[in-house]
Amino acid sequence: MPFPNNIISHRYCHSHFFFSFNPTRLSVCSSAPNSNSKSKSNPKVSVTPSPQTIKLTELKKNIKLVGIQCLDSCLPGRYNYLFCPQCNGGKLMERTLSLHIIQQGDFAMWRCFQTNCGWAGQAFADSSKIMINGTKLEPIGDELIAYFAERRISEATLRRNAVMKKCGDQAVIAFTYRRNGVVVGCKYRTLEKKFWQEKGTKKWFYGLDDIKEAAEVVIVEGEIDKLAVEEAGLHNCVSVPCGAPQMVSAKELPRLERDTAYQYLWNCKDYLDKVSRIILATDFDNPGNALAEELARRLGKERVIKDLGLKKWLEMPSEDFNISHK
């Protein structure tokens with residue numbers, strides 16, 4: 001049934017129509033914009049975060065670098081209970097890690113209360129500093145950069161491998177061990193060749209992230225050797241974390257859980273299982289040869305070779321390329 005004439009009117013307005021209703025009339029009107037009217041849009045309001053918000057964001061980012069999943073609900077001034085990335089909450093998988101962000105957001109501290117863990121540390125909003133088991137680390141300084149430069153190891157390589165120094169007056173190199181970008185340990189070395197690691201630290205290869213997708217891996221005896229190999233363009237190189245034994249053991253291989261001296265091999269088993277060839281570039285002395293033999297016994301002699309040429313290259317005089325790192 002058509003609309004009665006008295007309740008609908010229409011007129012031609014350009015080529016667009018729309019219906020507009022009022023209580024008594026239905027009319028068709030143009031949808032063309034009025035040339036005299038200007039479209040108005042709400043201006044975008046940019047909110048500048050406060051300095052404390054920026055600081056807190058940076059702090060949480062640095063907390064995540066050590067493996068702690070710092071949630072949005074983790075607020076300053078309170079204790080937050082989270083899963084520990086070191087022990088995963090033990091057999092019961094409980095939230096055993098207590099994380100406390102100080103009110104100002106400058107730093108955070110944590111400790112795991114799982115009986116067999118006890119992992120503790122601090123993180124800072126200033127990303128140039130980190131804390132590992134109570135030891136504060138800072139960017140490597142000019143003195144140590146010069147020390148490595150004498151060994152033809154560049155500042156870029158040091159930064160790529162997150163080589164730092166222990167805070168304080170003494171020049172102590174800190175080789176940070178990382179897995180999936182997360183700090184999992186640290187080894188310290190003085191210029192007088194004194195070495196130590198934090199007690200109770202789980203052992204890994206140094207440079208582990210560099211062999212994630214590698215089909216061929218080079219294993220060397222020390223962190224500086226690993227850096228030197230990288231300077232030659234070989235990134236698929238790792239270092240053992242704890243040096244070489246004095247001699248090859250005459251005993252049969254122990255079970256995995258009792259093979260404490262080489263536990264780092266089993267901790268990195270998933271990385272090594274997919275490797276087809278392993279090149280051992282250990283030292284030429286008796287401990288170096290013993291280390292190569294012990295590694296070969298565990299890794300499978302069919303895929304292991306001892307590369308004398310690479311180690312000789314590492315010990316070239318500085319005028320040729322490198323100097324001895326020992």
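Let me start with the contacts in the chain between residues at least 6 apart in sequence, of which 53% join residues at least 24 apart. Please keep in mind that this is a predicted model, in which the chain has eight helices and 17 strands. Of the 326 residues, 42% are buried, and the accessible surface comes to about 19,000 Å², with 53% of that belonging to carbon and sulfur atoms.

Before going further, a word on confidence. The mean pLDDT of the chain is 80, and 79% of the residues reach 70 or more. Among the elements, strand 15, residues 237–239, has the highest mean pLDDT, at 97, whereas strand 2, residues 17–21, has the lowest, at 38. Residues 1–33 have a pLDDT below 50, although this stretch makes 38 contacts in the model beyond near neighbours in sequence. Residues 317–326 are also below 50, and there the model shows 33 contacts of that kind. Where pLDDT is low, predicted coordinates should not be read in detail.

What does Phe148 touch, if we leave out residues up to four places away in sequence? Its partners are Ile140, Ile153, Leu158, Val163, Ile173, Phe175, Ile224 and Leu227.

Finally, the cysteines, which I expect some of you will ask about. How many disulfides does the structure hold? The count is zero. For Cys117, the nearest cysteine sulfur is that of Cys112, 3.8 Å away, and Cys117 is in no disulfide because a pair of sulfur atoms has to lie within 2.5 Å to be counted as one. Is Cys117 buried, exposed or partly exposed? Its relative accessibility is 26%, so Cys117 counts as partly exposed. Cys268, on the other hand, has a relative accessible area of 0%, and it is therefore buried.

Terms used:
Residues are numbered from 1 along each chain as its sequence is written. This is a predicted model: local features need pLDDT of at least 70, side-chain atom pairs count only at pLDDT 80 or more; totals for chains, interfaces and linings use all residues. Side-chain values use heavy atoms; hydrogens and water are left out. Buried means under 20% relative accessible area, exposed over 50%, partly exposed in between (1.4 Å probe, protein chains only). pLDDT is the predictor's confidence in each residue, from 0 to 100. Helices (H or I, at least four residues) and strands (E, at least two) are DSSP runs, numbered from the N terminus. Contact means heavy atoms within 4.5 Å. Accessible areas come from the Shrake-Rupley method with a 1.4 Å probe; for residues, only the protein chains shown count as cover.
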